[in-house]
Amino acid sequence: MTTITLAAPDDFDGFRVAVRKLITAWVPPEAVTWRIEGEPGDLIGGGPPAGTGAEIRVPKAFPDLARRVICNSDRERFALLHSALLALQQRPKLLEDSADPLVRRLDMMAKAVGRDVHKMRAFVRFREAPDEAGERFAAWFEPEHHIVRYNSGFFTRRFTTMIFSILTPELCMHWDGDEVTYSPGAVKADAPGDDPLEATWKTYYASIFNPARLKIDAMTSEMPKKYWKNLPEATLIPDLIAGAAKRTRMMIAAGTIEGATGSMGQLRDEAARCKRCGLFGPATQTVFGEGPEDAALMFVGEQPGDQEDLAGRPFIGPAGQVFDAALAEAGIDRRTAYVTNAVKHFKFEPRGKRRIHSKPDAGEITACRWWLDAERASVKPKVIVALGATAARGITGKAVTISKERGRAILQPDGSELWITVHPSYLLRIEDPAVAAEERRKFVDDLRAAAARV
Amino acid sequence: MAHLDTREKLAILADAAKYDASCASSGTSKRSSVGGKGIGSTEGMGICHSYAPDGRCISLLKILLTNSCIFDCHYCINRRSSNVRRARFTVDEVVRLTLAFYKRNYIEGLFLSSGIIGTSDYTMEALVRVARTLRLEHDFRGYIHLKSIPDAAPELLEEAGLYADRLSINIELPTEAGLTRLAPEKDGGRIRGAMSGLKLAIDDNKDARKHYRSAPKFAPAGQSTQMIVGADNADDSAIVATASGLYDRFGMRRVYYSAFSPIPDASAVLPLVSPPLLREHRLYQADWLMRFYGFRVSEVQEATDDGHLPLDIDPKTAWALKHRGQFPVDINRAPREMLLRVPGLGVKSVNAVLRVRRQRRMDLADLGRLTRGIEKLRPFVIASDWRPTALADRGDMRATLVKPAIAQLELFG
């Protein structure tokens, strides 16, 4: 058995010299015991072999990996690195095989060190401890691995002009503005117990926290509880969590009384400036819905026609007259219903002096759903009647076949009922009077059935 | 107004700043305080010095110079019609707080924003003065992020860029209509104009530094922006499209998505519900797919149902389930682009797969050692010892991939 004694737990240079000798002397990893100076341990077996001074292969990536792995507190780290270096003599590209069990283990050990190093940079909290020489800072930190020396450069590069110490149970570092020195481990009581600025820091911590979005797991995965005892702000966490739900409920309750949706007048004003699709260009104006803002029944048509476009009101042209007559026959008072269109600008093709109606496409319907959705959210009707396929698409977001869906209630995600029927202009286009009369009767029946659900 | 001490002001002005999601301190040029007369360093990767129970990292001292504002944006707690308590820091107070926090290792630096008071130039000048004092008088070399005021004079933005690592202008809402409705005094065109001005200045500076190494650095960590999610009706498809445009057109380093959360003294036009945190999370995942996984906007949009990303599964899995014909993917043969499409394989794992398979064929256990676990991967990959049932033949896929814990997150949030 060979025993190698290193000067410190993170003695990379000592390890490097020893492992070269072990490899050139063909000493296998299982025949080596590694110990740290000052540690009790068996001293049986000989010291390091002389080695031959022969060249060994050390791929470029190995020293970087080893430097980090050495800092890991895992006692097997030296033996594992020795095994890896031995294997590298046969397989120089082994380190690139991240799926190899040994490489994987070393990678994970190096990663754990990297994380500890990062957390130390994050969670060290200096406290001011002025002495006769002036401003001086000290911190108490408990790292998981042997990282104080490895990490000291970060702190001296950052706080070059400050005089400070970082105390840990295993090793303390001190910076006097010129040079780093180390001393043996300390206890927490050796570090300053308070800093007046911590109250201000806690004020900041409590104020920057948004109680409406509690995500405790996200916090603890990045700031595990084991670090809390040395973080002044962490003492606030339990109370902040306990108070959060209540604060949020109060904010929501306070707001709900005012009413949670935009007023109809405001929506109408915004819609008047709508440029969500290209139809705003040629059209005269946006034709918004009209009717009581709390109507239980809502009718949705296709789009404004020539007369609606000029007047700025829905369903007042020829189709509007058919619609009004059908409503009267079904016993529905139009003044009690909210009447609007799926698309709020008139789409047409100019032909001579006339503007010929042109069917809105899916993109235009989708663009305009913004407004229809807002109207629905504001009015909250119990029953919506879609007049024609465009209206049905505007409401459901999908293509709908009227003949398949008409004559029954379709429950909507917001709890309302949707009834689908034809558009009144369809009735105007039927040439055969008998068919027209029959279709008109079916239309009135649909309206009556829907209104009965209110 | 009664006289407030610095700590009372801090409580008000940090509270007012907490709705800004960004706290990043990474991606700037490498600096240290060696050879200087002050403190501070930046080494590429930012550091989160603490985490609040809202899960957000605390990296910077994130405050407003003042929460008084001449604007009346509905979603903002600082709008002029809000009854919130007002305060204003002096330049000196912000400088002293920043340095005192930094010396105790609480922060990486300062993120300073402000309500608009007086004119845009007046406000921007005050922000610049804080940064100038920190950099020139105190030789502070930590991180500085300044919010830019869209209408401020170009000379002020120019000077801000000399001191700040990052500049940002918030797009606020994903659609123009949302902005018109909720921030009637803000102008989308001017916001985008200011963003493109910043992009040009950043690009010019990069170019100048290629020719003259001594040219001063201008905002080395680039620009970022934030949009509020859930305050208007914009769906996820619209949001990712807007985000993609921001990355392409303005060279944004980051687009932040901030789930709209109820604010005290809220305006009546807002949805007062718990913030859609899970939706925010899915948008960040979608953002990642576009930036690091080679997904086009249209492909992210394919992962949506009716314009919204599913909440029960991540967007990459959602995309995969809609393109079952492209799976399983052979980890020993597939090109990088296809490996990146496999749900559960991250960029690092993919790079490792590519390295390993140059040396040997990989089995499922190999893959398990490179990832967080193979259970999720099984249906999507072929390995030397594994071939799954064709995805197209499985009807239950989506249910088996849903993590039951996810619904709780939303409830709890």
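User: At what angle do the axes of helix α2 and helix α4 of chain A cross?
Analyst: This is a predicted model, in which local features need pLDDT of at least 70, side-chain atom pairs count only at pLDDT 80 or more, and totals for chains, interfaces and linings use all residues. Residues are numbered from 1 along each chain as its sequence is written, with chains lettered from A and ligands numbered from 1 in the order in which they are written. Axes are lines fitted to C-alpha atoms, for helices over the stretch in contact, with angles from 0 to 180 degrees between N-to-C directions. Those of α2(A) (residues 61–70) and α4(A) (residues 101–123) come within 8 Å and cross at roughly 65 degrees.

User: Is the crossing of α2(A) and α4(A) left-handed or right-handed?
Analyst: A crossing is left-handed if the near helix is turned anticlockwise from the far one by less than a right angle, and right-handed if clockwise. For α2(A) and α4(A) it is left-handed.

User: Which residues of α2(A) and α4(A) make the contact?
Analyst: Two residues are in contact if their C-beta atoms, placed from the backbone, lie within 7 Å. By class, the contact has six nonpolar, one polar and one charged residues. Here Ala, Val, Leu, Ile, Met, Phe, Trp, Tyr, Cys and Pro count as nonpolar, Asp, Glu, Lys and Arg as charged, and the others, Gly among them, as polar. The residues are L65(A), R68(A) and V69(A) of α2(A), with L106(A), M109(A), A110(A), V113(A) and G114(A) of α4(A).

User: What covers the buried residues of α5(A)?
Analyst: A residue is buried if 20 or more other C-beta atoms lie within 10 Å of its own, exposed if 12 or fewer, and partly exposed in between; C-beta atoms are placed from the backbone. In α5(A), residues 148–158, the buried ones are V148(A), Y150(A), N151(A), F155(A), T156(A) and R158(A). Their cover includes α4, β5 (164–167), β6 (171–175) and β7 (180–184) of chain A.

User: How many helices and strands does chain B have?
Analyst: Helices (H or I, at least four residues) and strands (E, at least two) are DSSP runs, numbered from the N terminus. Counted this way, chain B has 15 helices and 10 strands.

User: Which residues outside its sequence neighbourhood does L146(B) contact?
Analyst: L146(B) sits in strand β5 (residues 143–147) of chain B. It is buried, as 25 other C-beta atoms lie within 10 Å. Leaving aside neighbours within four places in sequence, L146(B) contacts L112(B), L127(B), A131(B), A160(B), A164(B) and L167(B).

User: Which element gives the largest share of the side of chain B that touches chain A?
Analyst: The contact takes 61 residues from chain B and 63 residues from chain A. The chain B side divides into 32 nonpolar, 16 polar and 13 charged. Its largest share, five residues, comes from α1(B).

User: Where in chain B does pLDDT stay under 50?
Analyst: pLDDT is the predictor's confidence in each residue, from 0 to 100. Chain B averages 89, and 92% of the residues score at least 70. The stretch under 50 has 13 contacts beyond four places in sequence, and covers residues 405–413 of chain B.
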